[in-house]
Amino acid sequence: MPAAEFVVVANRLPVDRVVSGDGEESWRRSPGGLVAALEPVMHDVDGAWAGWAGQPDLDLAPFEIDGIRLIPVTLSSTDVEEYYEGFANDTIWPLYHDVIAPPQYHREWWDAYVRVNRRFAEAAAKAVSDGGTVWVHDYQLQLVPQLLRELRPDLTIGYFHHIPFPAHGLYAQLPWRDQVLQGLLGADVIGFQRAQDATYFLTAVRRRLKHEIKASTVSVPVPGGGTRPVVARSFPISIDTRPYRELAARPDIQARAAEIREGLGNPKRILLGVDRLDYTKGIRHRIKAFGELLDQGRLSVEDCTFVQVASPSRERVDAYVHLRDEIELAVARINGNHDTMDHTAIRYLHQGHPREEMVALYLAADVMLVTALRDGMNLVAKEYVATRADNRGVLVLSEFTGAADELRQAVRVNPHDIEGLKDAIMTAVEMPAAEQGRRMRALRKRVLENDVTAWSSAFLTALGEVRAARG
Ligand code: G6P
C-alpha cells in the first residue's frame, strides 16, 4: 500500500471483523463515539487508518473498505487481556473516570501497554509519507505520540483524548504517571473534550515534570538543548449530523417510530437511555430513580415506559460483569413489581442496533436520559438532538458529561442525587410543548453548527499552525 500523507491511529479500526456461525466473514461498524466521530473525517482526506480489527491473533494484510485504507494491527490474546482489557480498560478507564470503579495497577499490564503502543507507533511510522501527519486517538494509545516522534522526527503529530482527564489528586495514583505525560507530550497538539480536562493535564505536567507552561503551550525540553512547543487545549467533539437528519426525515423510519410506540402499548411518554453497558453511564442511577417514581405512584406503567438500550461492552472485565448483573437484577425487580399484561415498566435491550433503528427510537422517545457519572463528551445526547427536527422532546443531561458545557438548554442533573434526578425526570415528562420547543431549538442550533467537521477542522488547523511555526 502506498504511503499516506495523513494517518489516523486508534485502538480500533472503524470496522470489526465478525464471523457468522457458518464461517462467513463480514465487517461491522465498531462501537463507541470515537469511530462515529472520525469516520466522516476519513472520507474527506487521502488517508489511512491503523487499528485493531477487534479479534485476537488475527494477522491481516492492509485492505480498503468504503474508500478508507485500513491497516490492521495484530493483538495476541495475551495483548487483549493485558493491554486492552487490563491496562486500558481496568486501569486507565476507571482512573480517568474519577475512580467510579477501582482501578487495578499491575506491572505486567503496564509492560503490555508499552509493548502494544510501540506496535501501533511502528505501524503508523511505516504507513505515513515523509513529513506527513499522524493523528493519534484516545487513552489506549497515550505513549504513541512520543514513540512515533522518536521513530519519525519529520512528522506532525496530533493526539485527541476522547475521555476525561482526571484531577491531579487522582492522576497522581498512577504508578506510571510521568511516563504517560511524556508519552502524550510527544504530540504537537493535544486535544481534550473540556477546558477542565486540559487544565487538569497542564497541572499534572507542571507538577510532575516541571516544564514551563504559558497559557495552553508547554515548552518541552528536547535532547541536545532547546524546547519544542506543545499546545494542549479543548476541542469539543461532535457528530456528523447529516445521516441523523436524513434518517429522521425518512417516512419508513418515522413509521418504525410509530410502530415502536404501538408495540409498547402507546404510553403517553416514552423515556429512552442509549449507552454501552458501562459503569460510567449512570444506568443504575436512572433505573433506580425511575423505579422509585413508579413505587411512589408519581408515574405509572400505563403512562410511561422506559426503554434502555445497553449495548454489550468489555464483557470479560470484572467490573462490567458485575454491572450487568446489578442492572439486570434491578430491571427484573422493577418489571416484576410494576408490569401488567399490556404494559412494561422497563424494556431492556442488551443488544447493539443499526443506526436506522436507533433513529426510530430517538424519534419515538419523548425524553432522552443521559445520566453519566462521568463522560468525556456523550455523543448520544447530540444524536438525539440532531434527529428532533420537530423541536419536540426533552434531553435530561448529566452535568458530568462534556456535552453539558455546550448543551445548556437541556434539563441538567447530578445523577448521584436520586431525588434531584426523579424531579428532573418529572419536569421532562410534564414539560409543556412550548418550552420543549424553546429548549430544543437552541440545542439544535448548537449541535447543527458545531458538528464533527467543525471539530476536526479546528483541531487540524491548530496542528497546521504548529507545523507552520516549525517551518
Ligand atoms: C469509548 C472510547 C473509545 C472506545 C469506545 C468503545 O467511546 O472513548 O476509545 O473505542 O468507547 O469501547 P471499546 O472498548 O469497545 O473499544
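This briefing describes the fold, surface, cores and selected residues of one protein. The structure is a predicted model, in which local features need pLDDT of at least 70 and side-chain atom pairs count only at pLDDT 80 or more, while totals for chains, interfaces and linings use all residues. Residues are numbered from 1 along each chain as its sequence is written, and side-chain values use heavy atoms, with hydrogens and water left out. The protein comprises 16 helices and 18 strands, these being DSSP runs numbered from the N terminus (helices H or I, at least four residues; strands E, at least two).

**Overall dimensions and contacts**

- The radius of gyration is 23 Å, which agrees with the value near 23 Å for a compact globule of 471 residues; the radius is taken over C-alpha atoms, and the globule rule is 2.2 Å times the number of residues to the power 0.38.
- Along the principal axes, the C-alpha atoms fill a box of roughly 75 × 50 × 40 Å.
- Of the contacts (heavy atoms within 4.5 Å) between residues at least 6 apart in sequence, 73% join residues at least 24 apart.

**Burial and surface**

- Buried residues account for 58% of the 471 residues; buried means under 20% relative accessible area, exposed over 50%, and partly exposed in between, with a 1.4 Å probe and protein chains only.
- The protein exposes about 18900 Å², of which carbon and sulfur atoms supply 48%.

**Nonpolar cores**

- A nonpolar core is a set of buried Ala, Val, Leu, Ile, Met, Phe, Trp, Tyr and Cys residues joined through side-chain atoms within 4.5 Å.
- The largest such core has 102 residues, and those with the most contacts inside it are Phe120, Ile190 and Phe201.
- Helix α3 (residues 107–127) gives the most to this core, with 11 residues.
- Apart from this core lies another, of 67 residues, among them Leu58, Ile239, Ala360 and Val380.
- Beyond its neighbours within four places in sequence, Phe120 contacts residues including Val9, Trp52, Val73, Leu75, Tyr83, Leu141 and Val144.

**Selected residues**

- Thr133 belongs to strand β7 (residues 128–137) and counts as buried because its relative accessibility is 12%.
- With neighbours within four places in sequence left aside, Thr133 is in contact with Glu5, Phe6, Val7, Val128, Thr156, Leu463 and Arg467.
- Val45 sits in the loop between α1 (33–43) and β4 (47–52) and is partly exposed, with a relative accessible area of 32%.
- Val45 and Lys126 are 81 residues apart along the chain, and their C-alpha atoms are separated by 18 Å.

Key. Areas by Shrake-Rupley, 256 points an atom, 1.4 Å probe, with all protein chains shown as cover.
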